[in-house]
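I opened the model today and kept notes as I went. The entries follow the order in which I looked things up.

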Amino acid sequence: MTSRPVTPGPITYVKVACHCGLNEFRAGFLTDQLPISNDLCHCNACRHSSGQMAVYHVSVASLICSDTDEAFHVDGDGCKSPGGDGDLIAYRTSDDAVRYFCSICSAQLLFHYLGKPKEGEGSEKGKREGGFWCVAAGALERTEGIVKVGYHIWVEDTLDGGLAEHFRTVDGVDLPRYRGGAKTEQLPLGWHDLTPSSKSLNGSDDALYFACHCRTLQFKVTRPNAQSYLPHSAFPDLMHPYDTTHLAKVRNSGDVKWWLRPLEAEHPAKYFSGHCACEYCRLTSGFEIQSWAYVPRGNIIVESTGKSLALQEAQKDEVEEVKEALERLGMRDDDLTPKAEEATMEDRTKGLRQYISGPGRYRESCQNCGATAFAWQAGRPDLICVAVALVDEAQAGSRAETWFDWCLTRVSFMEQALSPKTVEGMVVSMKAVELEGREEQKIPLEEAKGLNGSAVPLSTFTVKGKDTVQEVVALVDELTA
Ligand SMILES: [Zn+2]
Ligand SMILES: [Zn+2]
Ligand SMILES: [Zn+2]
Ligand SMILES: [Zn+2]
């Protein structure tokens, strides 16, 4: 922002902050336009640059510093401090749009639509008009009375309805699902546009491909195999709400391999997945809902190395530091060079920015575009939360239901939700999805697996593994009774 608001009328200010607190400012909204009925955007650029299945950007009248009434600057342009007021990294997703994420926690705080280039005689080169700024609604201190989800846009890009299928209603009102931008054709529930193998370059059923928007991060997930049973992990909040379950039960002393689905099946082919509303997820991203799949580290193969994902805690590169110190002192130790390379090559998968969100809790995002990719914990380093939003939607849709068994009974840590109505709406919607799944004639997974390259009816894509859903429901009922 380079200028104060020119629009007259009272302004309501709401604090905006990312998880690490490095970026803090106030968003100004025109008071007489509140609450804003806002879109959730499902477009490919939003999903792949954020790592979330939909992006919740709300436009603002102004951006003001948190401790002064000065305009908040994202860079040094027109700002007293040469680097700008916060510490945000810009990433351009298209000719017309720039996104800004926190340089430490990667929260996607701001979106700048640059506007259309000015045309006509005498127009200055590079001048644009109609630009605006948006702020991530999940990073607002409060949303009540400020902004609410009103409709879905660019559902078409998901090829299977994406998160819109699991988020159909808010406060008893059905959310319109627009094919493109607002007010375009509406897509019905259950809509999908999956034409097996037609759009995907990676038309294999043995691996599911993922990439962030800038494609710095490219990896694939393989089907469960013998080593998928190796991790040990407590149950997730999705299965045992931590607020209401005895810790002894959460600990999973029976060592149930709950991430492999169908649960306890002889040959599980899917991974458990679900939506999370916890504060870590919300404030390190910017939307209230983050969607994860639980995948053993050994089943995540990095494209550039052909090896399993490597995620240990980022170490300060001590060898490199020593080398630099020696050089400053005019000394050189050539022996250190090969060791330095060797030490850093294998340590961690390249291109990831690590953020420690809490004791023993790590989040990993793309260094370049800021997309959230993984979350993991020191206590279970070999079972990784993978951001489903980065999936190659052309392969099996953006929910990838032939790979992921979605929890339809609960949103993880929903008690922490910033907007209770959002998670309530999701729980109601997912219940409906589950009931529809029960009513439908189920097709066993073995048949559904022939999706790519064969003439399997498209309805296969909407089919849930009956046993899976019922087993999960039964288990959750039993454990929460
Ligand atoms: Zn931050
Ligand atoms: Zn979008
Ligand atoms: Zn979370
Ligand atoms: Zn990227």
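**Entry 1**

I began at Val 386 and listed its contacts, leaving out residues up to four places away in sequence: Val 221, Trp 292, Ala 293, Val 295, Ile 300 and Phe 374. Two residues are in contact here if their C-beta atoms, placed from the backbone, lie within 7 Å.

I note that this is a predicted model, in which local features need pLDDT of at least 70, side-chain atom pairs count only at pLDDT 80 or more, and totals for chains, interfaces and linings use all residues. Residues are numbered from 1 along each chain as its sequence is written, while chains are lettered from A and ligands numbered from 1 in the order in which they are written.

I then looked up the largest nonpolar core, which has 108 residues; Leu 109, Val 135, Val 386 and Val 388 touch the most other members. Such a core is a set of buried Ala, Val, Leu, Ile, Met, Phe, Trp, Tyr and Cys residues joined through C-beta atoms within 7 Å. Strand E24 gives this core its largest share, 5 residues. The core lies between domain 1 (11–120 + 128–174) and domain 2 (207–310 + 351–480), because both give residues to it. The domain bounds come from an automatic or database domain assignment.

**Entry 1: Whole chain**

I counted 9 helices and 25 strands in the protein. These are DSSP runs numbered from the N terminus, helices (H or I) of at least four residues and strands (E) of at least two. Of the 481 residues, 43% count as buried. Buried means that 20 or more other C-beta atoms lie within 10 Å of the residue's own, exposed means 12 or fewer, and partly exposed is in between, with C-beta atoms placed from the backbone. Among contacts between residues at least 6 apart in sequence, 66% join residues at least 24 apart.

E15 (residues 207–211) is joined to E16 by 5 bridges; two strands pair if DSSP finds at least two bridges between them. Across this pair I found Ala 207 opposite Thr 222, Leu 208 opposite Val 221 and Tyr 209 opposite Lys 220. The two strands form a hairpin with 6 residues between them, and Arg 215 in the turn has a positive phi of about 65°. On the other pairing, E16 meets E20 (residues 300–302) over 3 bridges, with Val 221 opposite Ile 300.

Which residues of E16 are on its covered face? I found Phe 219 and Val 221 there, with Gln 218, Lys 220 and Thr 222 on the uncovered one. In E15 the covered face holds Leu 208 and Phe 210, and the uncovered one Ala 207, Tyr 209 and Ala 211. In a regular strand the side chains alternate between the two faces of the sheet.

**Entry 2: Ala 389**

Last, I checked Ala 389, in the loop between E24 (380–387) and helix H6 (393–396). Ala 389 counts as buried because it has 32 C-beta neighbours inside 10 Å. Beyond four places in sequence, its contacts are Arg 47, Ser 50, Gly 51, Gln 52, Met 53 and Ser 291.
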